[in-house]
Amino acid sequence: MSETQVVAIIGWGTAGVNAAIALRAAGYAGVIRAFSDTDVPPYSPILTSYYVGGEKTYDECFPWSADELAELDVEVVSGSRVCLLNPARRLIRTEAGEEYTYTKCIVCVGARPTTVGFPAGCGYEPLVLRTMDDAARMKEAFNSSACERALVSGASMIALKCVEAALNCGINVSMVGMNDHVLDFSALPEAAARFERGLAAKGVGMRFGQTISQVEVLEGEPRKLRVTFSGGDVEEFDEIVVAHGVRSDFGFIAEGSVEIDRAIVVDDFMRTSASDVYAAGDAAQALDLVSSEKRVLGIWKTAALQGQCAGRAIAAELAGGEPEATDAYPGAIMTNTIAVNGTLFISAGASQAAEGQRVEVRETEDMTVACIYEPESDGSERLIGFNVASDTDEPGGAAYDTGAMLSLRIEEACRK
Amino acid sequence: MKALLDRADAYWRFAGTCTQCGHCTEACESLTRAGMSLGQIAKAMLEAQRTAATKEELAMNIAMNGDLVQAVRGCFFCTSCKNTCFAHNDVCDLIYNARVDFQNLGLIERAAWSSVLVDEEWDIFTAYRAIHGIGYVDLVRHKAYEGHEAETGLETAFFPGCSLAAYGPELTREIFQTMDEMTSGNLTMVDSCCGSSLKSAGFFDRAEALCDRNADELVAAGAKELVCVCPGCANDMKKALEKRGVHVEVRLLADWLHERGFQPKHPLPDGPLCLSKSCQDRDGTYLEQTREALGLDEGTFSIFNGCCGAGGAVSAFDPGRQAQQADSKLSFAPDGATVISMCPTCTYTYAYRLMESPRNVTNKHYCELLFDSQFDWDKTFAQLGGMWSGEYGPWLAQVFA
């Protein structure tokens, strides 16, 4: 391999690190240059809420040690965001004005929280949770003696992680969500209802089918936030968390140079429409096994596997060959697991039943299992999604076993 | 990247998919004892490699890390940690690789595996069978033995597995006879092993090679379906056949019988029924098939998950742990209950524990509830124990030294 070969990784998170691991494991000895918009090492977004809630220390949020990263021998350009990727010129430019060329480039920029829907210009910047900086700000806010009541806007997984962190900080917490129940895009009503009962038992206030209409900052000591809800209620809080989902920003990619749908469209080896440009993680729209369509599955393991896939493909191509068919990205199913102070929710695959699909709900004393089945042409049915909601979070227990079994069944049915 | 470890890539790959949340640790006593998560096992292997210049230093680094040794050798492969992992990261892949490196570095003592080299002429099962005159050459119809020529075109092959063939000869023969009638004599038996004990000892390649040999045997026999008693055998043979592109359908005996309208030969026992789900039954399909074959209605039985204590050859590392795990499982069975296991090795393990520490629980393999013949554990354990002190003792001691 030529010494001038450079693999650029835009975004130094899970997908990026895994791409570097795969490159080195495949014997690639050239330059790997990673671009990071922060000075902190790659961190685990999964753990940020645990840090806020005091279950993890700051250092524990960084999955890779300095020694491990050093062994990967990656040159990290940090602290300045990439503002241009020009595939035609194989050029990357940072906001600091530095320019770099590459032989192959992987885009794994992740995603950022959006605050769309929150009243802009109210004089209060809501808390969000994604980066370590976000977590540090939230932790400081939650640990302030002035913070007694917090409102979480949104009902997603991230919203619930924030609820858990707030509870662990001893804060009285309420949720508001525009849909009819918690976990709006991940849960069937029956499972959501059990989960909501668990939250209510922990003192979490819930207001669904509503949004925040107005936020008024009441100056004073301490400062308060007067929130008017779309249903007309008015309440005061000390902090507001907005968890309205995440978006990737592809504005740095030269216009029209890469096919972008909801994210960057990739093939089975994470190759984009632009020559020598790959994408992985939240930035990539790759095979979802349940729908057989290309979708963004914004979960850690998917990002890791996609990064590894891209790294292997690049190493093979730079060695003058083609990636092996066995190294192709096999697709994934959406999976989610969340536990909020002992109340557990696990889901995988489809989360809503479409027309013609059947939902089967089984309730036991402490668990609700809701399954979605799709009819097959031979008259049989295949499992395409499930929810497990349990009143107890017992690692190794029945709820986790059930979730794992059903996940496997979905995956196996998809691969058939 | 260093590559002193044979499976270094696997640890990097695994570490890359682990969030380090630590949830898996809480699901497993061995991990809790080690104070490690799955990702930390992978990282500790890499760390041991990073600070070593030679394989000897590497072996020393690993051996000195008691927590790592505990986590790798104390794993039952029950997958409780995997099920609890939010990413469902594959613990078996990780630990099997670590066991391979442990074996290659001389970190698994010979006494832990000398009697379970099931791809060699003598292992504990073949020795037991030889000493006690248990053989099935008349049932292995696709091979030529004294008394019969090799037959071809036998579409169904029965795979009883090591434990059933060794410790339940009457039951094995009764099952074969029933299947023979159902297939109108179009049946043979593969008298072999899936090699799971080899994998536990870190001989992964040898286990795969053994399954490959079984697959070749099936192809040569012209079999179109393989009927296994144990979920573990079924899984391993399915993988081997798929890998070789051989189209032989692998079925669990319970399912095969149920599909053919087989009715259990005697009523189900009275009292509570507890199905001990096999660790190898990852998605619960085999349990469902067993339930149907037994005619158990939903809600009329309880299920307990997790390992019986025999998995992963943990007893060779921590002798008391198998008993502790078996007790933990049996404690879920109420007084007077019948525990029904799917894998004959689980039945064996529970039987051994109940012999050591009796309780008011009946222990049955699902085949014992379907057929008339039963395991005779008192006799089996007496014969197993007697082997070492009787006339064959010196020979066994020499073979398994």
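User: Why are strand β1 (residues 6–10) and strand β7 (residues 104–107) of chain A called a pair?

Analyst: The two strands of chain A are joined in the parallel sense over four bridges, and strands count as paired because DSSP finds at least two bridges between them, so β1(A) and β7(A) meet the criterion. Within this pairing, A:Val7 stands opposite A:Lys104 in β7(A). The structure is a predicted model, in which local features need pLDDT of at least 70 and side-chain atom pairs count only at pLDDT 80 or more, while totals for chains, interfaces and linings use all residues. Residues are numbered from 1 along each chain as its sequence is written, and chains are lettered from A and ligands numbered from 1 in the order in which they are written.

User: What makes β3 and β18 of chain A edge strands?

Analyst: The open sheet of five strands has the order β3-β2-β1-β7-β18 in chain A, with parallel pairing, and β3 (75–77) and β18 (277–279) each pair on one side only. Neighbouring strands of this sheet are turned by 20° against each other on average, direction ignored. The element names follow DSSP runs numbered from the N terminus, with helices as H or I of at least four residues and strands as E of at least two.

User: How do you know which strands helix α1 of chain A touches?

Analyst: Touching rests on residue contacts, for which the C-beta atoms, placed from the backbone, must lie within 7 Å. Helix α1 (residues 14–25) of chain A packs on the sheet and touches β1, β2 (31–35) and β7 of chain A, with its direction at about 160° to that of β1(A). Helix α7 (residues 300–318) of chain A touches β1, β7 and β18 of chain A, its direction making about 175° with that of β7(A). These angles run from 0 to 180 degrees between N-to-C directions, on axes fitted to C-alpha atoms, for helices over the stretch in contact.

User: What makes up the largest nonpolar core?

Analyst: Such a core is a set of buried Ala, Val, Leu, Ile, Met, Phe, Trp, Tyr and Cys residues joined through C-beta atoms within 7 Å. The largest has 260 residues, and those with the most contacts inside it are A:Ile9, A:Ile10, A:Ala280 and B:Cys228. Helix α7(A) gives the most to this core, with ten residues. Leaving aside neighbours within four places in sequence, the residues in contact with A:Ile10 include A:Phe35, A:Leu85 and A:Val107.

User: How many residues of chain B are in contact with chain A, and which element gives the most?

Analyst: There are 27 residues of chain B in contact with 29 residues of chain A, and α1(B) gives the most to this side of chain B, with five residues.

Conventions
Contact = placed C-beta atoms within 7 Å. Buried ≥ 20, exposed ≤ 12 C-beta atoms within 10 Å, placed from the backbone.
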